[in-house]
Amino acid sequence: MRTGYALILFTALAARPAPASEPAAVDTPAPAFTLRDANGGMHSLDEFRGKFVVLEWVNFDCPFVRKHYGSGAMQDLQRTMTARGIVWLSICSSAPGKQGYFEGDELKERIATEHSSPTAYLLDPEGTVGKLYNAKTTPHMFVIDPKGTLIYAGGIDNMATTDKGDIARATNYVTAALQEATAGKPVEVKTTRSYGCSVKYK
């Protein structure tokens, strides 16, 4: 009887899904994830271990995102950072049918139209990764160091407006965090409040 019970218990435990990653928190390991990119390929955070990684939550039709893309500032930052060997992952957690969601050729055309230049544009239509990182707005930014530790989470800058003219006089927190971290210095501002449109979760 005990043997049968033990077998049933073992089978039940083996069938349970693996524990979910802990929610993202600064100064702790960044939660692992794997997502499909705009071209159908798969990318996992683990493949970029040993490099600095920026996560950018994006919705091209959000006015706050338009501020940064319409001015060209976001694309300039993407190109500058990727040229330095930093990985930039744009993540869309918009659900199908909601603002910001695109797929297939429409998505590829929109990325080209926006001149978006990340390492990869990743799709999170179920919102699993967005919720794991507690991404609340577009944009919402995260920086991960080569050891896989989350070192910054929050807004892209300190000017919570849709005015493109504010970008030049804003303090860009992502740039500051990367400048400090790549120079071997501690990140002075590790968390800020993000601003923008709400992520259009399922």
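Visitor: Why does Thr-162 count as partly exposed?

Guide: Buried means under 20% relative accessible area and exposed means over 50%, with partly exposed in between (1.4 Å probe, protein chains only). Thr-162 has 42% relative accessibility, so it counts as partly exposed. A quick word on where this comes from: this is a predicted model, where local features need pLDDT of at least 70, side-chain atom pairs count only at pLDDT 80 or more, and totals for chains, interfaces and linings use all residues. Residues are numbered from 1 along each chain as its sequence is written, and side-chain values use heavy atoms, with hydrogens and water left out.

Visitor: Which residues is Thr-162 in contact with, leaving aside its neighbours within four places in sequence?

Guide: Contact means heavy atoms within 4.5 Å. By that rule Thr-162 touches Pro-63, Phe-64 and Lys-67, leaving aside neighbours within four places in sequence.

Visitor: What makes Gln-78 buried?

Guide: Its relative accessible area is 0%, so Gln-78 is buried. Gln-78 sits in helix 3; helices (H or I, at least four residues) and strands (E, at least two) are DSSP runs, numbered from the N terminus. Beyond its neighbours within four places in sequence, Gln-78 has contacts including Glu-56, Tyr-69 and Trp-88.

Visitor: What makes Cys-62 and Cys-197 a disulfide?

Guide: A disulfide is a pair of cysteine sulfur atoms within 2.5 Å. For Cys-62 and Cys-197 the S to S distance is 2.2 Å, and a disulfide joins them. By this rule the count comes to one disulfide. The pair links distant parts of the chain, 135 residues apart: Cys-62 is in the loop between strand 3 and helix 2 (63-70), and Cys-197 is in strand 9 (residues 197-198).

Visitor: Why is the disulfide of Cys-62 and Cys-197 called right-handed?

Guide: The torsion about the S-S bond is about 90 degrees, so this disulfide is right-handed.

Visitor: What is the order of the strands in the open sheet?

Guide: The open sheet has seven strands in the order 2-1-5-4-3-7-8, with mixed pairing. Strand 2 (42-44) and strand 8 (150-154) stand at the edges, each with a single partner strand, so one side of each has no neighbour in the sheet.

Visitor: How do you know that strand 3 and strand 4 pair?

Guide: Two strands pair if DSSP finds at least two bridges between them. Five bridges join strand 3 (residues 53-57) to strand 4 (residues 87-92), and the two run parallel. In this pairing, Trp-57 stands opposite Ile-91 in strand 4.
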